[in-house]
Amino acid sequence: MRWLCNFRYLVGKGKIDFMTLIFNGEQLAKQKALKLKQKVLSYHAKGIYPKVAAIFFREDAASALYTTLKKQTAEELGIAYQAKAFSFTDSVEEIQAYIEELNADPSITGIIIQKPWTRKWLEVVPGGDFAKWWSSLVSHIATRESHGVNKDVDGLAPATLAAIKAGTWMQQSMVLPATARAVLSILKDYRAKVDPNFSYLTEKVLIIGQSDLLGRPLYWHIKNLMQKGASVPVAFGEACQIAVEEAQTSDKKCEVKLVGKQGLGELIEQKKSLRDFRVIISATGQKNLLHGDLVAAHSILIDVGEPQGDIDFPSCLNKADFITPVPGGVGPMTVISLMANAVDLLKNSLLELKKQTEGSND
Ligand SMILES: NC(=O)c1ccc[n+]([C@@H]2O[C@H](COP(=O)([O-])OP(=O)(O)OC[C@H]3O[C@@H](n4cnc5c(N)ncnc54)[C@H](OP(=O)(O)O)[C@@H]3O)[C@@H](O)[C@H]2O)c1
């Protein structure tokens, strides 16, 4: 990787033509899995077992497939993963009662409701209002405030999202949504392996797609870090801690911007504005939304779209410094990030328990 850094330095100085580094999500996810498995096994040795309970909707084939993939990964890591299928026609009360059972079960350390992605289900749900239906389910997952223990392993419950917005999620023992965690891990890896001077906190960052799965929470989190710097507790790694310190002292103009359809349309109209951003993270599901002629040379492009990418890959090659492919980029990193969330929730609840025990012994 060292030669690549030097090569990129020359490229950055405009001395030679260059190539784009293509991220390998399968490889990084495997490396992370090895470390995570060690952690899980160390819990097993103490008689502590993480267990995730998943709920999915059987009519949505993609949800069934993702549930199977997540179960497989979890079990390879030593995390138990139980899944229960519901139908879109099942009553909200029935599903909520099952979530409450899981909340009360001490052997369950994390709960995930697989969000259906297919637009055709939007009006099929009881009541015909997808957003309301989704919120009525996901808001029942236990958080420390509601149940004394946090089981929101996917970081999608309204209470978790509110804490991310307020910048208090770490103090409240919560986790970021898995896809947001995946994107941050990829950026951290770029810094570690390619450019030690890179930090997303000192760059102009554009996030396209403003859903709860990625765009909004990632935007809030980065904005909080950029604004509050080191006053935000940094419990997620040395590289990020360094980046936060740099953000405070850097003269470089940093910014994070979140756009949907209209906002992107406005930026594209002023072509140059889109090229102002060094980091672009796109999560819309619109095939080939971004072409090479829209993005800046030396940009860092993260494509969250699935099953087809948002970024027109061929036209960005040899222009961007770094690009994540679809498939094999963000996808595998999201699965492993969910597992990392499961282990973090367990760690947090053990710390909480320890604090309570110490408190009662005082
Ligand atoms: N790789 C992974 O691990 C992973 C994880 C989660 C999701 N995904 C993928 O990410 C994509 C988005 O999923 P989602 O659940 O977030 O979808 P969603 O809830 O439907 O949200 C889509 C977002 O994209 C924006 N958008 C749509 N068309 C656009 C356009 N032409 N220009 C600019 N913005 C546009 C929408 O803007 P408005 O707000 O203006 O409507 C909306 O904010 C899907 O392809 C999904 O499969 C992948």
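Colleague: In this predicted model, in which helix is the place of Lys-32?
Modeller: Lys-32 belongs to a positive surface patch that it forms with Lys-35, Lys-39 and Lys-188. The element that gives the most to this patch, with 3 residues, spans residues 25–45, and the place of Lys-32 is in that element, helix 2.

Colleague: Is Lys-32 buried, partly exposed or exposed?
Modeller: Buried would require a relative accessible area under 20% and exposed one over 50%. Because the value for Lys-32 is 34%, the residue counts as partly exposed.

Colleague: Where is the place of Ser-173, and is the residue buried or exposed?
Modeller: Ser-173 sits in the loop between helix 7 (158–166) and helix 8 (178–193). Leaving aside neighbours within four places in sequence, Ser-173 is in contact with Arg-144, Asn-150, Leu-345, Asn-348 and Glu-352. Since its relative accessible area is 11% and the cut-off is under 20%, Ser-173 is buried.

Colleague: Which residues join Arg-181 in one network of salt bridges?
Modeller: The side chains of Asp-344 and Arg-181 meet in a salt bridge of 2.8 Å, N to O. Asp-344 lies in helix 14 and Arg-181 in helix 8, so this pair ties together parts that are 163 residues apart in sequence. Asp-344 counts as buried at 16% relative accessibility, while Arg-181 is partly exposed at 24%. Through salt bridges that share partners, the network joins Arg-181 with Asp-344 and Lys-347.

Colleague: Across the chain, what share of the contacts with a separation of 6 or more comes from residues 24 or more positions apart?
Modeller: The chain has 14 helices and 9 strands, and 51% of its 362 residues count as buried. A search of the whole structure finds 10 salt bridges. Among the contacts with a separation of 6 or more, the share from residues 24 or more positions apart is 67%.

How values were computed. Residues numbered from 1 in each chain as written. Predicted model: local features only at pLDDT ≥ 70, side-chain atom pairs only at ≥ 80, totals over all residues. Heavy atoms only, no water. Patch = residues over 30% accessible without salt bridge, like charges linked within 9 Å, V, L, I, M, F, W, Y side chains within 5 Å. Areas by Shrake-Rupley, 256 points an atom, 1.4 Å probe, with all protein chains shown as cover. Salt bridge = Lys/Arg side-chain N within 4 Å of Asp/Glu carboxyl O. Lys, Arg positive; Asp, Glu negative; His and termini not counted. Charge placed at Lys NZ, Arg CZ, Asp CG, Glu CD. Helix = DSSP H or I, 4+ residues; strand = E, 2+ residues; numbered from the N terminus. Buried < 20%, exposed > 50% of the residue type's maximum accessible area, 1.4 Å probe, protein only. Contact = heavy atoms within 4.5 Å.
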